[in-house]
Amino acid sequence: MVARARPVLDPLGALDGVRRSVVRASGPLARWLLVDREARVAAFGCVGLVVAFALALACPGWAIGVGTVVLGVPHVVSDVRYLVVRRGLARRASLYAGVLVAAVGTPLGLGLRAAVVGAAIAVVFARASVARRAAVLLGLGAAFGLAWVYRGLAELAYLHAHNLIALGFFALFARRMRGVAWLPLALFALLAAFLVGPYAVPALTWTGALTRAPAGLDLFTLVSQLAPTVEGSWAIRGVAFFAFAQAAHYVVWLRLVPELERPSPRPRSFRQTGRALARELTPYVVALFALGTLVFVIWGALDLAGARIAYLQTAFFHGYLELAVLALFAAEGLPAPPREPGAAPDAA
C-alpha cells in the first residue's frame, strides 16, 4: 500500500529538504522546538492564533472565504483521522447511522435536532455502562429540547460553537500536558475577548476591514449569515469573532492535534506524514481528498463565495460527526490511539 503511494509522496522529499535548511539556518531555537513537544504546541498554536487574529481584524471576509476553500477539506481529513480512524470507531455501524440520520434530517429542516438524535443513536450502542449512557442521553435530551424550543437561535449558536468544539478537543487531547502547552487556550480567550469587546469596531474601522471583502462575502452578507438576529456593533463583532474562531479551528485540527497525537515527541518528516496518511486512510482516500481540495481552490479562485457555500453544503456532516464522537467520548471515555509501526522520526 505504501509502495503504491510513493510516487505521490516524492514532492514531500523536497519539502523535507527545505525544512532541514530552515532548521540549520535557525540555530538552537529550531532545534529546541524539534525536541520539545510542549514548546512546539505552544509556539505553533500561539503563532497561528496571532495570524488568525490579524486576519480577522484586517480582512474577515477574505479570511473566512479563503480559509474555507483552502483548509476546509484538509481539516475534515484530520477530523476523520483523529476522531474516527485512530480511535477505533471506523467499524461502529451506530456512528455511521447517527451521522446519516443527521445528514438526512438537515435538508428536511431538522438541523441541529437531527444531529442530537444522531448522537443519541451512537450513544445507545456505546460500550459503556447503562448509567453512563443514560447520563449522556439525558444531556442530549436537554439539548434536543432547547433546540426544539429555540430553533433559529440554537442553529445560530451551533454555527459558532462548532469552531469552539475544536478547542474542547484540543483540551481533551492535551489533558496530560503541563505548562506552556496550554498557552494557546489562554491566548485564544484573550484575543476573543478583544474581538467581542468595545474596541473591536474602532479597530476594524481603522484597518478598513468593514469595506475590504471579496464579492459575496461583504460585511452585510456575512452579518445576514452569521449574526442575523443581532443588531448594530454586536453583529460586526460577531463576524470578526467568527473569522478568528474559524481560523483557530483550523489551527487546532491541522497543527496542534497532530502534534499531540504523535507517538514520538519529535516531529515527523513530510514524507513520513504522507506515508502515515496513506497507511491509515489508504492512498485512494488521500487522493480523493487531495482532488477535493484542488477543486475547491480552483473554484474559489473563480468564485470565492460560491465555492465556500458549496464546501459547506458538502462537508456539513463533519460537524455532526464531531458531536456524535464527543457524546461517545462522554459515555466511554477517551480511547487511546493505536501505536504506529516505525514511529521513529526522520532526522530533520
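## An aromatic cluster

Rings of Phe, Tyr and Trp count as a pair if their centres lie within 6.5 Å. This is a predicted model, and a search of the whole structure finds 13 aromatic pairs. One of them joins Phe-53 and Phe-194. Phe-53 sits in helix H3 (residues 37–58) and Phe-194 in helix H9 (residues 183–195). The pair therefore ties together parts that are 141 residues apart in sequence. Phe-53 has 16% relative accessibility, so this residue counts as buried. Phe-194, at 31%, counts as partly exposed.

Phe-188 and Phe-241 form another edge-to-face pair, with 6.5 Å from centre to centre and 65° between the planes. This pair also links distant parts of the chain. Phe-188 belongs to helix H9 and Phe-241 to helix H12, 53 residues apart. Both Phe-188 and Phe-241 are buried. One aromatic cluster takes in Phe-53, Phe-188, Phe-194, Phe-241 and Phe-244.

## Ala-42 in helix H3

Helix H3 also holds Ala-42. Its relative accessibility is 7%, so Ala-42 counts as buried. Setting aside residues up to four places away in sequence, Ala-42 touches Val-180, Ala-181, Leu-183 and Pro-184. Leu-185 is 143 residues from Ala-42 along the chain, and their C-alpha atoms are separated by 9.4 Å.

## The second largest pocket

The second largest pocket has a volume of about 770 Å³. It is lined by 26 residues. The closest to its centre are Tyr-158, Leu-159, Leu-312, Phe-316 and Tyr-320. Several helices give two or more residues to this lining: H4 (60–85), H8 (151–173), H11 (219–226), H12 (233–261), H15 (304–315) and H16 (317–332).

Which helix gives the most to the lining? H15 does, with six residues. By class, the lining has twelve nonpolar residues, twelve polar and two charged.

## Helix H11

H11 is one of the helices that line the second largest pocket. The buried residues of H11 are Thr-221, Leu-222, Val-223 and Leu-226. What covers them includes H4, H8, H12 and H15.

Take Val-223 as an example from helix H11. Its relative accessibility is 18%, and buried means under 20%, so Val-223 counts as buried. Val-223 touches Pro-228, Ala-235 and Val-239, leaving out residues up to four places away in sequence. The C-alpha atoms of Val-223 and Ile-236 are separated by 6.9 Å, although these residues are 13 apart along the chain.

His-249 is found in helix H12. Is His-249 buried or exposed? At 2% relative accessibility, His-249 counts as buried.

Which residues are in contact with His-249, leaving aside neighbours within four places in sequence? They are His-75, His-162, Asn-163, Ala-166, His-318 and Glu-322.

## Val-116 in helix H6

Val-116 has its place in helix H6 (residues 112–124). Its relative accessible area is 5%, so Val-116 is buried. Not counting residues up to four places away in sequence, Val-116 touches Leu-140, Ala-143, Phe-144 and Leu-323. His-162, one of the contacts of His-249, is 46 residues from Val-116 along the chain. The C-alpha atoms of Val-116 and His-162 are separated by 14 Å.

## A positive phi at Thr-282

Thr-282 is not a glycine, yet it has a positive phi of about 75°. Where is Thr-282? Its place is in the loop between helix H13 (270–281) and helix H14 (283–302). Thr-282 has a relative accessible area of 26%, so this residue is partly exposed.

Note on methods. Residues are numbered from 1 along each chain as its sequence is written. This is a predicted model: local features need pLDDT of at least 70, side-chain atom pairs count only at pLDDT 80 or more; totals for chains, interfaces and linings use all residues. Side-chain values use heavy atoms; hydrogens and water are left out. On a 1 Å grid over the protein atoms alone, a cavity is a set of points where a 1.4 Å probe fits but cannot get out, and a pocket is an open set with protein on both sides within 12 Å along at least five of seven lines; lining residues have an atom within 4 Å of a point. Grid points are joined across faces, edges and corners, and a volume is the space filled by probe spheres set on the points. Helices (H or I, at least four residues) and strands (E, at least two) are DSSP runs, numbered from the N terminus. Ala, Val, Leu, Ile, Met, Phe, Trp, Tyr, Cys and Pro count as nonpolar, Asp, Glu, Lys and Arg as charged, and the others, Gly among them, as polar. Buried means under 20% relative accessible area, exposed over 50%, partly exposed in between (1.4 Å probe, protein chains only). Contact means heavy atoms within 4.5 Å. Rings of Phe, Tyr and Trp (its six-membered ring) pair if their centres lie within 6.5 Å; planes under 30 degrees apart count as stacked, over 60 as edge-to-face and the rest as tilted.
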